[in-house]
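Let's take a walk through this structure, one neighbourhood at a time. Keep the viewer open and follow along.

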Amino acid sequence: MSIGNFAIFPCLTLPSRALSLEELRRGNFAIFPCLALERNCVEGILQSSLTWFFLLELCVSNEGLVAQAGLHESSGVREWLGKVNALEARLRSLKQDLDSSARNSERSCCLRCSRLSDHVAIRLGEARQLTSDWEILDVMNIGPDPSIVRTEHMPAPAIEDQATASRNMANVMDLLNMEDVKRIVIWGMGGVGKTTLVQNINNKLSGSDSFSIVMWITVSNRYQETESVLKKVQNLIAKRLKLELPEESIETRISQLRARLMMEKAFLLILDDVWNPIDLDRVGIPEPQVLRGGKIILTTRSFDVCSQMADFPLKIEALNEDEAWSLFCKSAGEVATWKEIEPLAKAITKECGGLPLAINVVGASLKQKRMVEVWKDALNALRRSEPPIGSGLEDKVYNPIKWSYDLLPNECIKSCFLFCCLFPEDYNIDVRRLVRYWLAEGLLEDHHDIEEVMSRGITIIETLKDRSLLEKSPFVSCVKIHDIIRDVSIWISSLPENECISLVRSGIGLEEMREDELSVKSYNRVSFMGNEIRELPNALEECPTVTTLLLQENRKLKHIPDDFLPAFKSLKILDLSDCRSIKSLPPCLGQLVELGALVLISCQNLGTLPPVGGLAKLQVFVCSKTGISTLPQGMENLTSLRQLDLSCNHKLTVIPVGLVSSLSNLEDLYLSGNGRLKFIGESGEIVAQLREIMSLKRLSYLNIGLGRSASTLETTDSLLNWMKKLNQFDFFIGEPKFGVPWPSRSSTKRVFIRVVHLWEERIEWLFANTNYICFEGCEGLDTLFQKLVANGDEVGCFDTVKSLFITNYAGSFGVGSNAKLEMLPNLEDIILAEVTNLSCASTLASQLGLKFSKLRSIYVEEGPQLKYLISLGTTILSLEKLESITIHLCELVEQLFKFDHQNSSLQDCVFPNLKRITFLNCPRLRFVNEQNNNVACPRLEEVSVWKCPLLKKLPLTLQNVGTIKKISGEQEWWDELEWENDDIKNALHPSFNPR
């Protein structure tokens, strides 16, 4: 009796349908829960019988495979198999009879099926009885080698006194108990403690009977998957199972390993140090849907592994300051707490950046070192991003982290990564500025336009984040590099074999730039940013290899010597941003003929610029928030210029007509924040700004302040078509708002309208091509909306608008609606801040005929008259897309949703995609809804409550216990919450963070 190479054991579930004979013979199928018997059809009955029979056979497969899997069978099993063989013959006979009846006429077939049905039912009963007999057979009749140790102890540092690590371990243990979670991927940068965490989990399970076996496999597949890697993993698993795999084809090995693993009632497979996704099916590890008790934990530095292999990803963060200090003291011993050494020890701990591996290595190297000088030397070395002498940091920390660098896809991405070490520690690196640097240095030359450059640059950044070499910043538009990763990248940049050598002296409080430092090596990149430098050296020796010079944020620097810049003849990037004391730049600036990027942001005292006509290769010119009143001579010669930023230069009032249009390759143009800026012709006439700008054929992004001229523009078809062609724009209408940054460019086409009397203005045309509209301090918004509704038949709805922001508005909104159309049908986000007369958001929705069918987020702040958020059941029937709700400083609000009693469909209100709810300073808030408590939020992840003392009940149920990640609020509020039962409170307690 032979059906493929299968051995199906207790962790297998039953099929969801009757399987054909051919399917069972092939053996290449996933088996699911059994389908109910189709009693009116003999064919269905017989197929169910055949399925039961073949499942019986598959329970033990053939004798040879049992032996190969390292199993032993008893006489009881052999007797049981004999009964299965006998049933096989009877079932095959019935199948032949049924096939024969199918060849007769329809009537005779039905009669014969009727006669066969009794026999089929009997055989089905026999099959079920045999299955029942199998279940009560003694477990040792067929099972694994009893000499196999259930869990092998792994030497590991204890983590019980580390709150973060203990919490992570508790989370993983909870995940292991969840039936629907089969694969857990623990990821984070090298040295952050992933392996230590899993080692402790492994050891904790040694006293548990949750798994019949726990297997630890170190994968270390730093290169792409090959057959040799698969065989290595197979051999390690087989060794742990005391299973001998033949050196035959990979397919045979897969089949036999799968058979052995499926025998285990519940196994845990830990795959440590996974660098690339693994096809577990090609290893022989059964698919998750086949397993009932099997679980897999992987550790990795790569988010790609998470995205492809995880049911649940868990990112491991660095230790906080207290945990890091505690771990360092444990490694270094009591000497670290000595009065004269403790300040140095704490500074060294900070340099380790919360990475347990670095803390342990450095701490151990200083254990019982009593000389203060040794501690000082170690601290100085770490601040220079050098491994301290005798610390072992290079071998044990730097080289393992360098593996992540070595495995980056190409030299371009490696060079982009090393650029990030030029910034100071803990610096928030602006993504767009970083990509501009890469463009100017020639790393992103093979792209047609700026939009492609930005897309490629952001893709590189995401790749580096996925490899744990960069990390998220608290600011959406920025990224950060961890201190130890930065130290490693500086170390790599100093290695002789590296083609791009860097001198990094950023953010260390230097007051001078020493000339001899620049002459020691042939540097390519030099960074002295973020220091206290007052003056630069004169008569500097030539530095012909330097291509990047970062001097920004030296606020005490007053002067650039005439002989300084000529030393950098190959310079491609010069950044002097935030050097607030500089009043002028030397004339030699125009001699830097290779310069690709000149960045001058927040040079507030910079009044004049030298001629720039010689900078023929300049692609990026940023001169923003300076004191210039006129543009430099020769700008019309900058024909390579792709990005020009002249925003927020308050003294700049004139741009000569013809200058902007001469920059034919311009793709990004920033002109906003210049309130009195005019385009002036030779004869003194004022020319409309947009008229000249519209001549730029390659323009992709425009950022411009239109003052009040937007309402006087002739809205021709050519203007509207030109707006459609722009990939992105930011139009600022009305009063400028100097010194306050506008939101980041998350939306592509945005209009900001500030302090405008809207009943006097004709700006409706702007709605037609806009994603995001912001009204700030405007009057007559109600009148504007009435105009939109009245003209609805003529102009239609505005289906491009996705975000609406209204702030500082004291007017009201019309009650009721005459809108025949939903004016903003694709609205996704609404923000209402300081809207003083708003009693509920439904009033606004009613006036514009909004149904909120695509609304994803709603944010209300300082709504003094707000009583409730939204009324459901009339115009707004559901909020199926809603993901986020935030209510802040709304003193009168008592509930979120008010329901229409007459709409019976709202008895159970479900918000299927709601993930985040935040209630801050709402002293009267009592309910999510008062009339109906059956509010379901099955995907809720985060809840934040602060100063809402009357809020006693939230939609926290058994339905979302598994999705909640974080609940924050006062301890007193948490203690007084009302629950459906204590099980829910106990299950969610680990997610609560008291504020």
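A crossing of two helices counts as right-handed if the near helix is turned clockwise from the far one by less than a right angle, and as left-handed if it is turned anticlockwise. Keep in mind as well that this is a predicted model.

With that in hand, look at helix α12, residues 321–332, and helix α13, residues 342–351. Their axes come within 10 Å and cross at roughly 115 degrees, and α12 passes α13 in a right-handed crossing. On the α12 side, the contact is made by Ala 324, Trp 325 and Phe 328. Across from them, α13 brings in Glu 342, Ala 345, Lys 346, Ile 348 and Thr 349.

Now step back along the chain to a sheet. Strands of a sheet pair through backbone hydrogen bonds, either parallel or antiparallel. Here five strands make an open sheet with parallel pairing, in the order β4-β5-β6-β3-β7. The edges belong to β4 (213–218) and β7 (312–315); each has a single partner strand, so one side of each is left without a neighbour in the sheet. Direction ignored, neighbouring strands in this sheet are turned by 15 degrees against each other on average. For a look at one pairing, take β5 (residues 267–274) and β6 (residues 295–300), which run parallel and share five bridges. Ile 270 has Ile 297 in β6 as its bridge partner. Helix α8, residues 227–240, lies across β4 and β5 and runs at about 145 degrees to β4.

Next comes Leu 418, which you'll find in helix α17, residues 411–419. Is Leu 418 buried or exposed? Its relative accessible area is 2%, and buried means under 20%, so Leu 418 is buried. Leaving aside residues up to four places away in sequence, Leu 418 touches Tyr 405, Ser 489, Ile 492, Ser 493, Asn 498 and Arg 525. Ile 501 is 83 residues away from Leu 418 in sequence, but the C-alpha to C-alpha distance is 9.4 Å.

Further along sits strand β16, residues 620–624, where five of the five residues are buried. In a regular strand the side chains alternate between the two faces of the sheet. In β16, Val 620, Val 622 and Ser 624 point one way, while Phe 621 and Cys 623 point the other way. What pairs with β16? Strand β15, residues 597–601, runs parallel to β16 and is joined to it by five bridges, with Leu 600 standing opposite Cys 623. Strand β17, residues 643–645, also pairs with β16 in the parallel sense, over three bridges; Val 622 has Asp 645 in β17 as its bridge partner.

Let's finish with the aromatics. A pair of aromatic rings is described by the distance of the centres and the angle of the planes. The model has 21 aromatic pairs. In one of them, the ring centres of Phe 732 and Phe 752 are 4.9 Å apart and the planes lie at 10 degrees, so this pair is stacked. Phe 732 belongs to strand β23 (residues 728–734) and Phe 752 to strand β24 (residues 749–754), 20 residues apart, and both are buried. Ring pairs also link Phe 767, Phe 775, Phe 785, Phe 798, Tyr 809 and Phe 813 into a cluster. Finally, Arg 750 lies over the face of Tyr 772, 5.6 Å from the ring centre.

Key
Residues are numbered from 1 along each chain as its sequence is written. This is a predicted model: local features need pLDDT of at least 70, side-chain atom pairs count only at pLDDT 80 or more; totals for chains, interfaces and linings use all residues. Side-chain values use heavy atoms; hydrogens and water are left out. Two strands pair if DSSP finds at least two bridges between them. Helices (H or I, at least four residues) and strands (E, at least two) are DSSP runs, numbered from the N terminus. Axes are lines fitted to C-alpha atoms, for helices over the stretch in contact, and angles run from 0 to 180 degrees between N-to-C directions. Contact means heavy atoms within 4.5 Å. Rings of Phe, Tyr and Trp (its six-membered ring) pair if their centres lie within 6.5 Å; planes under 30 degrees apart count as stacked, over 60 as edge-to-face and the rest as tilted. Buried means under 20% relative accessible area, exposed over 50%, partly exposed in between (1.4 Å probe, protein chains only). A charge sits over a ring if NZ of Lys or CZ of Arg is within 6 Å of the ring centre and within 35 degrees of the ring normal.
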